[in-house]
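Subject: Handover of a structure and summary of findings

Dear colleague,

Please find below the structure that I am handing over to you.

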Amino acid sequence: IAEIYATLKSVKSVEGRLIEIDACIGIAQYPKDDTDFDELMHCADEAMREAKHKGKNTYVIYTDELHAQHLDQITMTNQLRRAVEKDELSMMYQPVYSLHNGQMASMEALIRWHPYGKAAISPDLFIPLAETAGLISDLEWWVFETVFKQVIAWRPMRSRNIPIAINLSSKGISDEEFIQNLIGLMEKVGIMPGEIEIEITETSLIEQPESAMKNLHLLRQQGIKILLDDFGKGYSSLTYLVSLPIDAIKIDKGFTQKIHSSQDIDAIIKGIIDLAHSIHLKVIAEGIEAENQKEFLKALGTDYGQGYLLHYPSSPVDLEKELK
């Protein structure tokens, strides 16, 4: 394996350009895993798929456990395809509060999946699965339709506008047809731009940055605010901050939950907040679970906070009490 990586790692010259190659390798063993060539290649392919999931320059050796995991994913994918028609999906909403006056400022829409007769499945599991299986667009469209209905249902209860932020995948933000259809749905249903916000992640911009940037500008032209989610978790490119049409950043909960764990972490958080404010961006801190975290962030001038300390993700019925 080391020799294969060393061979590939050497820089190649193609049409005058230097190219460095990375590789993910899947390994199946004869006759341990199978004696049939096609089946053996299938095993190696499953192992390579797992290697790709782990990252660049990795290798995975096929095991029975890996095969069982793959079968579980196939089963879950098939169940997810039918989740909408079986009414197994629901939306929860987690409020975001001003750290200055304590008022609810907005909410984040969070999809949940409760397969009939089984325990709830975490979005951390089924969202990546939906992306891999090509189901993410249908899932996102269901989310937008459901949230739009909720926005209209809550209008009579609200004394002031409380926008709902909706997460948009890399596929969604790169698909101009999806964005145009979304804008059309807003007009058809009667959703005002200030009633929703769009959350994107840094990693969602990497695959097709040009189309993603174009579509973000389309949304901004409609008056929709754009939030950069999980800031600090990915690449955190400063170029993005000055070039993206965004209104706020959300500090990743990984930083929030490490507050006071070291002077370096505290200094980084302060630097993020100061930098964002210097270029006129609002700052939302995710994952606030302790009073000392909230007070530290408030003292640094963080605009908004979100987390279990402030409010758990809740059903529409539970949140209506607060809205009233």
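Which residues line the largest cavity? They are Val 96, Ser 106, Met 107, Glu 108, Ala 165, Glu 197, Glu 199, Leu 227, Lys 250 and Ile 284.

Before the details, a note on the basis of these values. The model is predicted, so that local features need a pLDDT of at least 70 and side-chain atom pairs count only at pLDDT 80 or more, while totals for chains, interfaces and linings use all residues. Residues are numbered from 1 along each chain as its sequence is written, and side-chain values use heavy atoms, with hydrogens and water left out.

Overview

The protein has 324 residues, of which 42% count as buried (under 20% relative accessible area, with exposed meaning over 50% and partly exposed in between, for a 1.4 Å probe and protein chains only). Along the principal axes, its C-alpha atoms fill a box of roughly 70 × 50 × 40 Å. Among the contacts (heavy atoms within 4.5 Å) with a separation of 6 or more, 64% join residues 24 or more positions apart.

The cavity

Rolling a probe the size of a water molecule over the atoms shows where empty space is left. Grid points are joined across faces, edges and corners, and a volume is the space filled by probe spheres set on the points.

The structure holds one cavity of 30 Å³ or more. The volume of the largest cavity is about 30 Å³.

The pockets

The largest pocket has a volume of about 2,000 Å³. Its lining comprises 47 residues, and Asp 124, Ile 127, Thr 201, Asp 229 and Asp 230 lie nearest its centre. Helix α4 (123-132) gives the most to this lining, with six residues. The lining of the largest pocket divides into 17 nonpolar, 14 polar and 16 charged residues.

The second largest pocket has a volume of about 640 Å³. It is lined by 19 residues, and those closest to its centre are Arg 49, His 53, Gln 73, Leu 129 and Thr 132. At least two lining residues come from each of α2 (37-54), α3 (64-81) and α4, with the largest share, eight residues, supplied by α3. Seven residues of this lining are nonpolar, six polar and six charged.

Helix α13

The buried residues of α13 (residues 316-323) are Pro 316, Leu 319 and Leu 323. They lie on the same side of α13 because they cover an arc (taken from the directions from the helix axis to the C-beta atoms) of only 65 degrees around the axis. Val 317 and Lys 321 are exposed, on the face of α13 turned away from its buried side.

Cysteines and Gln 29

A disulfide is a covalent bond between the sulfur atoms of two cysteines. A search of the whole structure for disulfides (pairs of cysteine sulfur atoms within 2.5 Å) finds zero. Cys 24 is in no disulfide, and the nearest cysteine sulfur, that of Cys 43, is 18 Å away. Cys 24 is partly exposed, at 22% relative accessibility, whereas Cys 43 is buried, with a relative accessible area of 5%.

Gln 29 is found in the loop between β3 (24-27) and α2, and counts as partly exposed at 34% relative accessibility. Leaving aside residues up to four places away in sequence, Gln 29 touches Asp 34, Leu 40 and Ile 61.

Yours sincerely

Definitions and conventions: Helices (H or I, at least four residues) and strands (E, at least two) are DSSP runs, numbered from the N terminus. On a 1 Å grid over the protein atoms alone, a cavity is a set of points where a 1.4 Å probe fits but cannot get out, and a pocket is an open set with protein on both sides within 12 Å along at least five of seven lines; lining residues have an atom within 4 Å of a point. Ala, Val, Leu, Ile, Met, Phe, Trp, Tyr, Cys and Pro count as nonpolar, Asp, Glu, Lys and Arg as charged, and the others, Gly among them, as polar.
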